[in-house]
Amino acid sequence: MKVISTNIGEPTTFIWNGKEEQTGIFKKPVSQALYLTKNDVKNDTVIDRVHHGGVNKACYLFAADNYEYWKQLYPDLDWDWGMFGENLTISALDESTLRVGNIYKLGKALVQVSQPREPCYKLGVRFGTQQVLKQFIEHNRPGTYVRILEEGEVKTGDQMILQSESENELTTQQFYQLMFMKEKPKELLQLFMDNPSVPAYKKERFKKYLN
């Protein structure tokens with residue numbers, strides 16, 4: 001896995017339900033390295049800190065390999081890396097094999113896979129249609145957030161190298177699927193609850209499905 005693009009967003013104002021809002025999802029490639037801190041990417045825009053940024057969502061990674069699929073669905077958009085609001089566009093990022101809790105050397109930083117991205121209306125704003133949310137869920141390639149275990153710079157061309165694989169087999173893709181399943185399979189749910197790297201607030205929300 002390799003960093004294809006480093007992306008930063010400026011505050012962008014839009015109208016939602018008749019009110020002005022701001023978002024940092026309109027990210028664009030930058031030539032300089034990004035500095036990953038414990039809570040966010042330095043100099044990036046994080047407007048809603050309830051749902052973005054923080055220890056479990058410090059940096060968002062998305063697969064470069066997914067872009068061709070989306071370009072075919074939305075050929076009229078002005079395409080560039082960062083379209084999904086990702087800070088780092090990564091080649092060969094595969095959520096079906098990416099275990100929650102895996103630790104990687106990423107440039108000079110050390111990161112840990114924490115949770116998949118859940119699409120919200122701001123992705124719809126970015127794409128010009130809220131229809132993209134349903135498509136994003138169905139495509140089942142959400143990218144992943146990472147925790148920053150050791151802060152450091154990441155630049156284009158850096159490798160994402162596995163340092164430690166989680167003993168728990170829950171993948172980012174399974175985590176994502178579980179969130180949208182009406183019926184939660186017991187074995188998958190147990191795998192989710194037993195994974196020490198799944199954020200505690202997520203486990204709390206899923207406790208009701210154990211009974």
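Residues are numbered from 1 along each chain as its sequence is written, and because the model is predicted, local features need pLDDT of at least 70, side-chain atom pairs count only at pLDDT 80 or more, and totals for chains, interfaces and linings use all residues.

**Exercise 1.** Find out how many helices and strands the protein has.

Solution. Start with the DSSP runs, numbered from the N terminus: helices are H or I with at least four residues, strands E with at least two. This gives six helices and twelve strands. Next, look at the overall extent: the C-alpha atoms fill a box of roughly 45 × 40 × 30 Å along the principal axes.

**Exercise 2.** Work out how strands E2 and E3 are arranged.

Solution. First locate E2 at residues 12-16 and E3 at residues 19-23. They pair in the antiparallel sense over five bridges, where pairing asks for at least two bridges found by DSSP. Now pick Ile15: its bridge partner in E3 is Glu20. Finally, inspect the turn: two residues lie between the strands of this hairpin, and Asn17 there has a positive phi of about 55°.

**Exercise 3.** Determine what share of the residues is buried, and how far apart in sequence contacts reach.

Solution. Take buried as under 20% relative accessible area, exposed as over 50% and partly exposed as in between, with a 1.4 Å probe and protein chains only. Of the 211 residues, 50% count as buried. Then turn to contacts, meaning heavy atoms within 4.5 Å. Among those between residues at least 6 apart in sequence, 72% join residues at least 24 apart.

How values were computed: Side-chain values use heavy atoms; hydrogens and water are left out.
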